[in-house]
Amino acid sequence: MFKKVVVGISGGVDSAVSAFLLRENGYKVLGVFMKNWDEFDEMGRCSGEQDLLDAEYTCNKLGIELRQVNYVKEYWNSVFTNFLEDYERGLTPNPDILCNKHIKFDLFHKHALERLGYDAIATGHYAKTNFGPFLENYEESEDVHLLIPKDTFKDQTFFLSGIRRETLRRTMFPLGNYLKSEVKEIAKRCGLERLTQKKESTGICFVGNRDFKEFIKEYIASKPGDFVDIDSNMVVGHHTAKV
């Protein structure tokens, strides 16, 4: 039923191995690199340039086509603006959830299925659904459920919690039954050992290696205040920006 799959290639080992597993299981695979943020680090280099080079390296090694899509404007409007608004209100925003909801599993999903005419998308997230890692258990009449992956330490289901069920129905998570250590071993066996040495992408993507307080000052004015113990009502510290 699902023969053609678009996989989001980020330049990391997880999406690379996902693409490899899809190819090995007989799917026609197209890689797509998403540019979501237009920023330069302190050295004047675009932080996404190396990721794109690694994505190209991956697809060349695997023998699959790579295309690019630019969602910088949409990311700013749907993710970053909401992040700033929530932060200013004293909330703790999670841009990864917003990015998955509005960009990867909405715009990218629609691009793959509606514009490119593919059957499903796949990502390198550590998650599972009841339809199986390759939608092999897909049933038109059944509802889809997001499930905990084999690697509970790398579990990313929380970050996927905002995805619409209709989108999840046509999404593959090839790494759902693998541990991170197993994924790295697969990468070594298929000639992608270089990616196993790459540093894990953690934290807020648009902040990068910069100090968060310095970064947020560019968008929100500092509002000094106190940290107050809610039980004793005592001031236990001070902050320079609204948190």
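1. Asn233 sits in the loop between strand E8 (225–228) and strand E9 (235–239). Its phi is near 65°, a positive value in a residue other than glycine. Most residues other than glycine have a negative phi. Asn233 is exposed, with a relative accessible area of 63%. The model is a predicted one, and this applies to every point below.

2. Leu135 also deserves a look. Phi of Leu135 is near 60°, again positive in a residue that is not glycine. This leucine belongs to the loop between strand E5 (128–129) and strand E6 (146–147). Is Leu135 buried or exposed? Its relative accessibility is 3%, so Leu135 counts as buried. Asn233, by contrast, is exposed at 63%.

3. On the overall fold: the protein has eight helices and nine strands. Its radius of gyration is 20 Å, close to the 18 Å that the globule rule gives for 243 residues, so the protein is as compact as a globular protein of that length. Along the principal axes, the C-alpha atoms fill a box of roughly 60 × 45 × 35 Å.

4. Take the contacts in the protein with a separation of 6 or more: residues 24 or more positions apart account for 68% of them. Of the 243 residues, 44% count as buried.

5. Then the surface and the charges. The protein exposes about 13400 Å², and carbon and sulfur atoms supply 48% of that area. There are 33 positive and 37 negative side chains. How far apart do the centres of the two sets lie? The distance is 4 Å.

6. How many disulfides does the model have? The count comes to zero. Cys59 is in no disulfide, and the nearest cysteine sulfur, that of Cys190, is 12 Å away.

7. Cys59 is buried, with a relative accessible area of 2%. Leaving aside neighbours within four places in sequence, Cys59 is in contact with Ile9, Ile64, Glu65 and Leu66. Phe2 is 57 residues from Cys59 in sequence, and their C-alpha atoms are 21 Å apart in space.

8. Another cysteine, Cys99, has 7% relative accessibility. The cut-off for buried is under 20%, so Cys99 counts as buried.

Conventions: Residues are numbered from 1 along each chain as its sequence is written. This is a predicted model: local features need pLDDT of at least 70, side-chain atom pairs count only at pLDDT 80 or more; totals for chains, interfaces and linings use all residues. Side-chain values use heavy atoms; hydrogens and water are left out. Helices (H or I, at least four residues) and strands (E, at least two) are DSSP runs, numbered from the N terminus. The radius of gyration is taken over C-alpha atoms; the globule rule is 2.2 Å times the number of residues to the power 0.38. Buried means under 20% relative accessible area, exposed over 50%, partly exposed in between (1.4 Å probe, protein chains only). Contact means heavy atoms within 4.5 Å. Accessible areas come from the Shrake-Rupley method with a 1.4 Å probe; for residues, only the protein chains shown count as cover. Lys and Arg count as positive and Asp and Glu as negative; His and the chain ends are not counted. The place of a charge is taken as NZ of Lys, CZ of Arg, CG of Asp or CD of Glu. A disulfide is a pair of cysteine sulfur atoms within 2.5 Å.
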